[in-house]
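Please examine the sequence and the model shown below. The report that follows treats the ligand site and then the metal sites.

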Amino acid sequence: MTEGALLRVAIDAPLRRLFDYRPPPGVSADAIAPGSRVRVPFGARQLIGLLVERGEESSVPASRLRSANAVLDAEPLLDETLLGLLRWAAAYYHYPIGEVIAAALPKSLRAGAALHEPETRWRMTPEGVAAAAAAALRRAPVQRQLLERLAAAGAGGLGAAELEACVPSWRGPLRGLLRHGFITALERHTTVPGSAGDAGDVLVRNAAFPPMTPEQEQAVAAVTAQFGRFGTFLLQGITGSGKTEVYLRLVEGVLARGRQALVLVPEIGLTPQLVARFRDRFAAPLTVLHSGLSDRERLDAWRAGRAGVARVLIGTRSAVFAALPALGLIVIDEEHDASFKQQEGGFRYSARDLAIVRAQAAAVPIVLGSATPSLESLQNVASGRFMRLSLPRRTAQAQPPRVVLIDLRTETTRHGLSGSALEAIDRHLAQGGQVLVFINRRGYAPTLVCTACGWIAPCMHCDARLIVHQAARQLRCHHCGAETPLPEHCTQCGYTVKPVGQGTERLEETLQRLFPAAPLVRLDRDAVRRQGDLETVMARVASGEARILVGTQMVTKGHHFPDLTLVVVVNGDQGLFSTDFRAAERLAQTIVQVGGRAGRGTRAGEVLIQTEYPEHPLLGSLLQGGYEGFAQAMLAERAAAQWPPFSHLALLRASGTAPDAALAFLHEVRHLAHPPPGVKLRGPAPAAMVRRAGRFRAQLLVESDQRGALHRFLDTWLPKVEAAPSARRVRWALDVDPLELC
Ligand code: ADP
Ligand code: ZN
Ligand code: ZN
C-alpha cells in the first residue's frame, strides 16, 4: 500500500463530488475494489457510500481526513462496466454521482443489506417427496410448482436467488410448504454459484414455435453475427409482425452461449402475457424487475441478476441499472415509448440512451424494436450509427388497414361520435368484428360548464380544468390529483351545470346505449387500477367475448385482439397544434400504434380518424406515406428548424410557491451564464401551464448543435446555478435531452 492511499467515495447527497477517506484502520486501500460499499463518517452521521475510485492525494488537509469505518462487501457490488455506466450517467445528466448510484441500487442494498444473503436453502422432506409423487396440492399451483422445482433440485435444495429466477412470488407459497412439513430450511453461509444456464444446458422448454419468416431469419442472423461486439439495431415492424419472436430467438442464442439477456419494456408493456411468453419458451431462470415490487422482491431480483442465477431479466426503465455480470444482449421493446425517460425528480435519464451506452461498454449488441421508431433513432439509421432490420406485415395477414379521415366540420356527432363512425361500428359488429374506440382522455368529460353563466370548474392548485368523473361522482385534476365532489349547481350563480366533451367513461356509456347487444370493456387507468384488473379485461378481449373496447393509450401496447377489424380515433387533432415540437411525433405514433391493431387476423381492417382539420399536412403525410412518409416529412421540418435530432437541448426547469420566484431565479442564472459560440440560451419563459400543484413554473432552454459544446457549457454553468442566491427559493432540475418542452 502506498502511504496515504485514499478512497474516493460516492455518498447519497446532493453534492457533485466524491468524498475522500482513508481506508479503515488496518485495511489497505488496494484491498478494497471500486464498486464496494463502505461505511463512512459524514458530519455527525454514519453513512453507507460506494467506493468509486482510489486516489493518492486529497484536497482535504491530511489532519482533517477521516477514516472509513468498515468495508461492507468482500467483492464489489457493481462491476467496472456498471460503475462506468453510472459515472457516465452522472456526467451526462449533470447529476451528483452519489444520487445516481442511489437511484440505481435497491433500497435494501443502500441500507446495507448483504450482497449475498447468508444463504438459506430449502429442500424436500420425505413427506414432501410423497406429496410430490401423489400429485398433491393441485389447488395450489404455485406451491405445486415449487415442490416440483425442489424435487428436481435434489438434496442440495434451492436458494432464494434460484427460486426467484424460476417461480414468481414464491415467498408466501414457500411458507405454506414449510407449514405442511413438505420442505425444510437449511442455513448455509456460502453462496452457490449459478448452476443454470451453462452452455449445453437444456434451455428451450417449449419447442413448439413456428419457423421464422425470411425477414425474421435475416434479423436474427444480423444480430447474432454481432454477439460479443457492440452494435445497435433498429428492428422495425408493426405490432404482430413478429418482433417478439425475434427477441425470443436472440435470447435463445444468448442463453446457449451462457450469457444473460436484458429486456427493457415500457411501464405499460410489462404484461403477464409478455412475461409468460418468455417463461413458456425458456427453461432458464427468468426474473422481472419493475416499480411495483416490494423492497424485498426488488432485492431478490437484483441479487438473482448479480449472482448470475437469473439468465433473462425483463424490466422497466430502472432495470437498465441491474447488475448482470454475464450480459450478452440488450433488447428494448417499443423504444419510442416516453416511459423510458425518467421525467420526474432530479435524475432525468433516458433508459434507452443509457442502455446503448451500457451495450457499448459491455461490448454486446442492442436491439431497439418499434412499429413507430423515434425520429432520433430513424436519424441514427440515416447517419449509419444504427442498422435497420425491417419486418413487413406478415403475408398470412390481411392487407394494411384502410385509413379514412372523417371531417368533423361537416358531420354531426352524437356524444363525440360521427354518423360515419357509428355506421361503421354497426357494420363491423354485424360482421362479427371487434371494435376499438380510442380517445386520449380518461374520465367522463374534460369540463364541467354552467349553462347560464359559462363558469367552468377550475382546479384550485393548477391552471387547468377539472375532469368530470361521473361514476365516482367527483371532479378530479389530472395534473395534481386534487378531488372534489361533483357539484350539482354552478358555484358562481347556482344554475345547472353540465359535462362538456368526451372521455372514455362517457364513450362507454354512449356505446353501451347504442349497441346494447355488444359486450363492452373499458381500458384506462381508472378502470384498471391493479394488475389483476388488466388481466381480467384482457382476457375478455382476447377470448373474443368483449366486442367493443374503449380505451386510452393503454390499448396500444402488445395485447392480442383476435377479431379486431375497426379502430375509431375519436379525437385525431390532439397534438396537431401543440407548442411542443414533439407533439406531432407522438400523435402520429399513437395513430399508427392504435390503427395497427386493426386487421390482425385474416380480416381486413379499417381505421377511422375523426378530425376537424382533414387538410392538415401532418395527417396528409401520415395517410399517404404511412409512418415512414410522416417521419421523413417531420425530419425535414426538424432539420430546417434546427430541433433535435439536429440539435441538442437541455432544459432548466424551476418552480416556486411565490408567483415570480422561478422566473427570477432563471433570470439570475441566465445572467451568470457565459455561453460560448454555438451554445444558445432561450428564455426564461413561463411554462405552458404555469401553476401546477400550487407551484409556479418556468423554464430556460439551452441549445447547441454540438453535444460536446453543450455539455462543457453545462459543466461550468451548473455550479453557478447551484450557488445562485435565488436558488434557495425554488426547486430546480436540469433535464438533458428533454422529451417535453412545456
Ligand atoms: P410483435 O412483437 O411484433 O407484436 P409477435 O412476435 O408477438 O409480434 O408475433 C405476433 C404473432 O405472430 C404471435 O402470435 C407469434 O406467435 C406469431 N408469429 C411470430 N412469428 C411467426 C412466424 N415466423 N410464423 C408464424 N407465426 C409467427
Ligand atoms: Zn353559473
Ligand atoms: Zn390540479
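A residue is taken to be near a molecule if one of its heavy atoms lies within 4 Å of it. This is a predicted model, in which local features need pLDDT of at least 70, side-chain atom pairs count only at pLDDT 80 or more, and totals for chains, interfaces and linings use all residues. Residues are numbered from 1 along each chain as its sequence is written, chains are lettered from A and ligands numbered from 1 in the order in which they are written, and side-chain values use heavy atoms, with hydrogens and water left out.

**Ligand 1**

The shell around ligand 1 holds 15 residues, of which Pro-211, Gln-216, Gly-240, Thr-244 and Arg-277 come nearest. Helix 9 (residues 243-256) contributes three residues, the most of any element; helices (H or I, at least four residues) and strands (E, at least two) are DSSP runs, numbered from the N terminus. By class, the shell comprises four nonpolar, seven polar and four charged residues. Here Ala, Val, Leu, Ile, Met, Phe, Trp, Tyr, Cys and Pro count as nonpolar, Asp, Glu, Lys and Arg as charged, and the others, Gly among them, as polar.

Polar contacts with the ligand are pairs of N or O atoms within 3.5 Å. A nitrogen atom of ligand 1 lies 2.8 Å from a backbone N or O atom of Pro-211, and a polar side-chain atom of Gln-216 lies 2.7 Å from a nitrogen atom of the ligand. A backbone N or O atom of Lys-243 is placed 2.9 Å from an oxygen atom of ligand 1. Taken alone, ligand 1 exposes 550 Å², and the protein buries 77% of that (Shrake-Rupley method, 1.4 Å probe).

**Zinc sites**

Donors are N, O and S atoms within 2.8 Å of the metal (3.2 Å for Na, K and Ca); water is not among the atoms, so sites may look incomplete.

| Zinc ion | Donors | Distances |
|---|---|---|
| ligand 2 | Cys-450 (SG), Cys-453 (SG), Cys-490 (SG), Cys-493 (SG) | 2.2 to 2.4 Å |
| ligand 3 | Cys-459 (SG), Cys-462 (SG), Cys-477 (SG), Cys-480 (SG) | 2.2 to 2.3 Å |

The arrangement around ligand 2 is tetrahedral because its four donor atoms subtend angles of 102 to 115°; four donors count as tetrahedral if all angles lie between 85 and 135 degrees. The donor spacing for ligand 2 is C-x2-C-x36-C-x2-C.

For ligand 3, angles of 104 to 113° among the four donor atoms make the arrangement tetrahedral, and the donors follow the spacing C-x2-C-x14-C-x2-C. Cys-459 counts as buried because its relative accessibility is 3%, and Cys-462 counts as buried at 2%.

Notes:
A polar contact is a pair of N or O atoms within 3.5 Å; within protein, one must be able to donate a hydrogen and the other to accept it, and residues adjacent in sequence count only if both atoms are side-chain atoms. Four donors count as tetrahedral if all angles lie between 85 and 135 degrees; four count as square planar and six as octahedral if opposite donors are over 155 degrees apart and all others between 65 and 115; anything else is irregular. Buried means under 20% relative accessible area, exposed over 50%, partly exposed in between (1.4 Å probe, protein chains only).
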